[in-house]
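Please work through the following exercises with the sequence and the model side by side.

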Amino acid sequence: MATAQQMAKSESGSFLLKGATLVTVSDGTFAGDLLIADGKIKTIGENVSLPADTKEIDCSGKYIYPGMIDGGTKLGLQEVGNVSLTSDHNEIGDFIPHMEALTAVNPNAVSIPVTRVNGITTALVVPSGGSFPGTAALINLIGYTPDQMHANFKGVVLNFPATGKRGWWDRRSDEDIKKESEKAMKTLDDTWKKVKLYAKIDSAAGSRKKVLEGYNPAMDAMLEVANGSRHLLIEVNKEADIKAALKWIEKSNVNAILTGVSEGYRVAADIAKASLPVIIGPVLSIPGRQSDKYDAAYTNPGLLHKAGVKVVLRTSSYENVRNLPYNAGFAAAYGMGTEAALRSVTLSAAEVFGVADQFGSLEEGKIANLFVSDGDPFETNTNIHHLFIYGRKVPLESRHTLLYEEFLERDPGLEK
Amino acid sequence: MANHCAMSQDVLIKNGTVITITDGVKENTDVLIQNGKIKSIGAGISAGDQVRVVEAEGMYVMPGIIDAHSHIGIDVVNEATAPVTAEVRVGDVINPYSVSIYRALAGGVTTSHAMHGSANAIGGQCETIKHRYGEEDPEALKMEGAPRTIKFALGENPMRVHGEGQGIQPKTRMGIEQVFRKAFAEAQDYETSWQKYNAGNSQTAPAYDIRKEAVADILSGEIIIHCHSYRADEILMLMDVLEDYGVDKICFQHVNEGFKVAPELAAFGASASVFADWWAYKFEVYYSTAYNAAILTKNNVVTSINSDSGELIRHLYHEAGKSQKYGGLTDNEALRLITINPAKQLGIDDRVGSIEVGKEGDVAIFSAHPLSIYAIPQMTIVDGIVRFDIETDPVDMRLDIDPEENMPSFYELDAHDHHRCMEGVFEDLFTDQH
């Protein structure tokens, strides 16, 4: 029986899902059986026979999908929105790339079960704040320690200098905004020069088997970004800023992923030419400009996809990451199409995070992150019947479902 | 923007699947709106040559969506300066040029309840507005004759604004209860003094107090209370206070823990206007469930789903669909949450909220069933005037173009436009909300 913070335990073992429609994402959609064993998708095929010690689950009339992946969240880094001491994603400091989102994730956050019961199995958790707020990490939504949850991707975040207003409350003059962004751009260039120099010194010291003196964790965190072995997740939204970011990426030669990109559709051809993937969202947002078409945020992913850009979707949420499929649904309805939208929350996300060999589609040998539903997961009247993460069967319980069970028919009712 | 002086209030919508809400779903059915009112519903209706015909074959025609909790189309939200500011009126600060109104129309919403914020225990009087985007006179957006409503607020917001911010009562939920009792008692005394004076039983007129006038109007049942609330105990508290003063017109707003006291809400006759799935943004909503709307509905509480957001108002049809995921409501139950139920909560259900002959011509047309994620609003009609048409949706929403203008301002963090309930009070709280 589940209690205040934790849900019923997940179940390990082997499971044969029989008679479903498999939406593989990688190899089309077809009828078949799927066998989970040792945490992996062991077999996909027709009439798979039931091995020993395997639980059979009848999935006739149902669909199996790869678990969805949210390309940008604060899941586990924020418990209650306006209680600042429950917030772990925004540390003090402007250049602090060494802040690790992974270690600060609360594996027991109440939002985690709330999220996964809607079919999201994996999420990127992202620090926020200054120019280099920290290192983001990809987590699977099961596990009792951050290490158990870690899904083998980390990326350093850069909030690219922005020339837009922060919001309707931002009362800075256009001149002040210009000055601040120019200053931020100069600071970024100076920082990058230092990073390159540090990397040079570090490799020179390494080749001479010397150890650098002094503790410089921020610079150390940038070494892999400097040599291209770790991605830089660059948050940038306004058209002019995206153009500036593209120039900067070319100049600095980093391995970049663009995030936010809410005006990406205005520079889609340039982004495609640079072969940069984008993480967009939330799709359910109002346009960045008062003068924009009302559906600018809805059509943005589809337009970028059509221009040949690899698109991943995100919710940017901490408590409603469960709405990822609905963000994808709107992207699908407003030009992206269901197939591409589904890919943007499964295989494309895995590809962008360099873990497509591990999950993101239904393929033999991949980790069994998947769910069984009675319909299109983008539709609100679809229900999820079974959920697997790391091949473990995860109970479809969360604080929300437990409160429903207790209060649908309250007992005692009105009487004392 | 169309020339609104020449806008016709006649339109014939042909061959759609008409979701009436109160009389079933009718396929291949026409709806004729004449002089802004629904004139007839049926197959094969013909109207004169002058009447605009909208071909709705393959489309779904439903009543214009009603949002019972909104702050769009108004310039300011919170008076905030005292625990009771019943005299202020949101109707005085309507901004007909707000592009949020157009964006709501693009989501099928024809009427919204423009509300005072939740900074005060007793806030200001709200205004039910029709989305007559294109009208330039603020008065023209008011839904003439709609019942008066007023905003109350319980819980963390008034506690934070007054107790923590201003160092005055209320700082706790105990204090909030006493704000209501004191305001009601004083208003009662005020009423009694006037009655005495009017009956000739006293020589000097009592001092006219516009604030007490408003609270007295609440006591006499002339104003519907819409109360921002979360915790089960505070919801019960207010019902007890109202019972002591003989007030029964109340709709609880947000009411995230309403599901925990659904039997009491139903017994009192209170209604509930909730979010589909917002929670965890404050401690008082940490123990919420997305099943709230379904539990309340199944326990016979008149329930609506609202937005409290310039972003969310645009897809209330999708928010309503969530009640099918979280609690298995039927199509009709789900759609009632955004049509006839909010109409009841605003006291306008005799005029809008369903497609019935005689009701106002407020209609939203969708490309697919409105509860499907793939449905795209095609046209939104208010009083028979087409106020949103996807075919003529402008690329540039500016009302006038200034050749000297630099690129219009881009807002980095404006993507949500929600929680305006605290606007004007702690703006710096929201710079970090993402």
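**Exercise 1: contacts and fold of chain A**

Among contacts in chain A between residues at least 6 apart in sequence, find what share joins residues at least 24 apart. Solution: two residues are in contact if their C-beta atoms, placed from the backbone, lie within 7 Å, and on this count 70% of those contacts in chain A join residues at least 24 apart. This is a predicted model, in which local features need pLDDT of at least 70 and side-chain atom pairs count only at pLDDT 80 or more, whereas totals for chains, interfaces and linings use all residues. Residues are numbered from 1 along each chain as its sequence is written, and chains are lettered from A and ligands numbered from 1 in the order in which they are written. As a further step, the C-alpha trace of chain A spans about 60 × 55 × 50 Å along its principal axes.

**Exercise 2: a helix pair**

Describe how α8 (residues 296-306) and α9 (residues 324-336) of chain A pack. Solution: the helices (DSSP runs of H or I, at least four residues, numbered from the N terminus) pack at an angle of about 60°, their axes lying 7 Å apart. Next, the residues in contact include A:Tyr298 and A:Leu303 of α8(A), and A:Phe330 and A:Tyr334 of α9(A).

**Exercise 3: the chain interface**

How many residues does each chain give to the contact between chain B and chain A? Solution: chain B gives 57 residues and chain A gives 48, and on the side of chain B the largest share, five residues, comes from α8(B).

Definitions and conventions. Helices (H or I, at least four residues) and strands (E, at least two) are DSSP runs, numbered from the N terminus. Axes are lines fitted to C-alpha atoms, for helices over the stretch in contact, and angles run from 0 to 180 degrees between N-to-C directions.
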